Amino acid sequence: MDSAHNQYHQAEANLDSLLPFAQGANRLCFQHPDNPDRCLKVIRPGSIQARYQKQSVVKRLLGKARLNDNTQELRAHQQPAIRRLIQTGNEESLWSHLPKFYGRVATTLGPANESEMLRCKDGNIAPTLEFLIRGGGLTPQLLEAIQRFENWLTANRILTRNLLPHNLVVTDRTGQPELFLVDGLGAPAIPQALASAPGWSERYIERKVRRFEKRLAWEQDSQGHSWEDFQRLR
């Protein structure tokens, strides 16, 4: 992780003529125009204001900053578990299931978070876990990769939000499929503040893992139920 977390690199990346290779409700993902091994995440225009307008009056008092996914991601990379891995020289373990993170940069579409572009052995951009499940189900190889990812979360006490298959990508660049979390890193403010309490992180991560496994079951066989209904049935 680079020291440029809270400052822009001098060169502004020109994204004006590019199309995003992926997009979510709140962010657009571009290949860096000057470095194909880097990904740039830009806030989707109008998304923060749209989310803010849907908030209750009480939540609006908390301001708009907490609705900026790039700002939240910057903070998530400062969580104690990540700082500890870096300070103890265990960055290889840290980046075994997270894309390497380079901080914030300026682009022609506004501030972007810059991270490693995850590709497969054939050079193609790594597909999401959701895409693979819907295409071929949970193969034994994917199940083993999921277990390694869950073990990594638990062993390193990495805090995340709810784990969703479309926020995880799968790459075979090491010779076997491995999961990487590309969105949803970090916990909300209160859970993050409690992270140092004995045993709290372990229980928090265990709950996230259980919910993730339920989500995987729904992705495979929802039997026509919505995710909300499926959770109640299970």
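Tutor: Let us begin with the lining of the largest pocket, whose residues divide into 21 nonpolar, 13 polar and 14 charged. Keep in mind from the start that this is a predicted model.

Student: How much space lies in the largest pocket, and which residues are the closest to its centre?

Tutor: The space in the largest pocket comes to about 1,400 Å³. The lining has 48 residues, and the closest to the centre of the pocket are Arg 27, Asp 69, Arg 161, Asp 183 and Gly 184. The elements that give two or more residues to this lining are strand S1 (22-23), S2, S3, H3, S5, H8 and helix H9 (200-220), and the largest share, 5 residues, comes from H3.

Student: What makes the meeting of Arg 27 and Asp 183 a salt bridge?

Tutor: The side chains of Arg 27 and Asp 183 meet at 2.8 Å, N to O, and the cut-off for a salt bridge is within 4 Å, so the pair qualifies. Arg 27 lies in strand S2 (residues 27-32), while Asp 183 lies in the loop between strand S7 (178-181) and helix H8 (189-193), so the pair ties together parts that are 156 residues apart in sequence.

Student: What are the side chains of Lys 41 and Glu 73 said to form, and which parts does the pair tie together?

Tutor: The side chains of Lys 41 and Glu 73 meet in a salt bridge at 2.9 Å, N to O. Lys 41 lies in strand S3 (residues 35-43) and Glu 73 in helix H3 (residues 69-76), so the pair ties together parts that are 32 residues apart in sequence. Both Lys 41 and Glu 73 are buried. Moreover, Arg 27, Lys 41, Glu 73 and Asp 183 are linked in a network of salt bridges.

Student: How do you know that Glu 178 and Arg 148 meet in a salt bridge?

Tutor: Their side chains come to 3.0 Å, N to O, and this value is within 4 Å, so the pair is counted as a salt bridge. Glu 178 lies in strand S7 and Arg 148 in helix H7 (residues 140-156), so the pair ties together parts that are 30 residues apart in sequence. Glu 178 is buried, with a relative accessible area of 10%, whereas Arg 148, at 25%, counts as partly exposed. A search of the whole structure finds 12 salt bridges.

Student: How do you know that S3 and S5 pair, and in which sense do they run?

Tutor: For two strands to pair, at least two bridges are needed between them, and 5 bridges join S3 to S5, so the two strands pair; they run antiparallel. Arg 38 stands opposite Glu 116 in S5. S5 also pairs with strand S4 (residues 101-105) in the antiparallel sense, over 4 bridges, and there the bridge partner of Phe 101 is Ser 115.

Student: Why are S1 and S4 said to stand at the edges of the sheet?

Tutor: The open sheet is formed by 5 strands in the order S1-S2-S3-S5-S4, with antiparallel pairing. S1 and S4 each have a single partner strand, so one side of each is left without a neighbour in the sheet. Further in, S2 and S3 pair over 6 bridges, and Gln 31 stands opposite Cys 39 in S3.

Student: What makes strand S5 mostly covered?

Tutor: Strand S5 (residues 112-116) has 5 of its 5 residues buried.

Student: Which residues is Lys 100 in contact with, leaving aside its neighbours within four places in sequence?

Tutor: Lys 100, found in the loop between helix H5 (91-94) and S4, is in contact with Trp 95, Ser 115 and Glu 116. Lys 100 and Ser 115 are 15 residues apart in sequence and 5.6 Å apart in space, C-alpha to C-alpha.

Notes
Residues numbered from 1 in each chain as written. Predicted model: local features only at pLDDT ≥ 70, side-chain atom pairs only at ≥ 80, totals over all residues. Heavy atoms only, no water. Buried < 20%, exposed > 50% of the residue type's maximum accessible area, 1.4 Å probe, protein only. 1 Å grid on protein atoms, 1.4 Å probe; cavity = no way out; pocket = protein on both sides within 12 Å on 5 of 7 lines; lining within 4 Å. Points joined across faces, edges and corners; volume = space filled by probe spheres on them. Nonpolar A, V, L, I, M, F, W, Y, C, P; charged D, E, K, R; others polar. Contact = heavy atoms within 4.5 Å.
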